[in-house]
Amino acid sequence: MQLHLTTWCEVETYLERSPGIILPIGSTEQHGPTGLIGTDAICAEEIAYGVGEATHALVAPTINVGMALHHTAFPGTISLRPSTMILVIRDYITCLARAGFNKFFFINGHGGNIATLKAAFAETYAHLADLNIPNHAQVKCQVGNWFMCHSVYNLAKELYGNQEGDHATPSEVAVTQYIYPEVIKNAPLSPDVAKGHKIYSAADFQQRYPDGRMGSNPALATPEQGKKFYNLAVKELSNSYLEFLGEQ
């Protein structure tokens with residue numbers, strides 16, 4: 001079930017059987033010369049829909065813009081500041097908690113969101129307590145990073161070795177190729193790709209990683225591989241969601 005395709009009556013009925021909801025979150029940022037700018041949101045959304053179907057869970061609208069300030073020197077990138085993102089997450093959860101939800105499972109497609117999400121959860125718990133929302137003590141949030149699933153990580157290493165890299169990776173590009181085969185991009189990629197540099201400002205990032213890739217070779221990606229990554233992520237995150245839902 002997708003929240004934006006339901007009515008309030010259907011949500012009320014859903015809450016009679018489950019307090020859990022899945023929230024896909026990604027980013028709108030450069031992914032090298034061949035990666036879609038929406039890669040992180042696309043992957044998170046489609047995998048969340050798969051998990052929702054497998055677990056009969058409600059899936060909230062995707063949060064498409066995340067914390068990607070270090071990519072903003074590349075055209076097309078849109079980013080929230082960490083402080084803004086914290087408020088966005090807080091407000092999402094507050095509205096849903098008022099309705100009766102108390103288990104919030106974020107399926108994340110962007111590594112840069114992780115630290116801010118954890119800070120947002122701490123901010124939200126305190127905010128709900130301050131508001132004295134009736135079920136505030138039962139509210140719990142968890143992040144499932146699809147790209148960090150053990151099965152996904154192992155397959156990426158098997159297929160790509162050290163050419164998986166850290167950004168604009170062949171694994172995430174493969175998933176977008178599986179989802180949107182009609183918009184597969186091709187461009188010349190230098191075999192010499194920067195890697196191993198720390199992340200500071202946007203200008204520094206662009207200087208150190210001039211084509212946007214971080215040690216990756218997305219030319220290795222195929223839609224067939226993307227389907228395998230998708231299935232592995234859906235299976236592993238479905239188990240994680242059900243375990244989370246069952247926690248007392």
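**Close-up views of a predicted model**

View 1. Residues are numbered from 1 along each chain as its sequence is written, and side-chain values use heavy atoms, with hydrogens and water left out. Gln 30 belongs to the loop between β1 and α2, where helices (H or I, at least four residues) and strands (E, at least two) are DSSP runs numbered from the N terminus. Leaving aside residues up to four places away in sequence, Gln 30 touches Ile 37, His 71, Phe 74, Thr 77, His 167, Phe 205, Asp 211 and Gly 212, contact being heavy atoms within 4.5 Å.

View 2. The order β2-β1-β3-β4 describes an open sheet of 4 strands with parallel pairing, and two strands pair if DSSP finds at least two bridges between them. The edge strands, each pairing on one side only, are β2 (58-59) and β4. Strand β1 (residues 20-25) pairs with β3 in the parallel sense over 6 bridges, and Leu 23 stands opposite Phe 106 in β3.

**View 3. From β3 to β4.** Over 6 bridges, strand β3 (residues 103-108) pairs in the parallel sense with strand β4 (residues 140-145). Between these strands the chain passes through helix α4 (residues 114-131), and this β-α-β crossover is right-handed, which means that, with the strands pointing away from the viewer, the path from the first strand over the helix to the second runs clockwise. Ile 107 stands opposite Gly 144 in β4.

**View 4. Val 88 in helix α3.** Val 88 lies in helix α3 (residues 82-99) and, at 25% relative accessibility, counts as partly exposed. The C-alpha atoms of Val 88 and Ala 120 are separated by 8.7 Å, although these residues are 32 residues apart along the chain.

**View 5. Residues where α2 meets α8.** Residues of α2, including Glu 46, Ile 47 and Gly 50, meet residues of α8, among them Tyr 230, Ala 233 and Val 234.

How values were computed: Predicted model: local features only at pLDDT ≥ 70, side-chain atom pairs only at ≥ 80, totals over all residues. Buried < 20%, exposed > 50% of the residue type's maximum accessible area, 1.4 Å probe, protein only.
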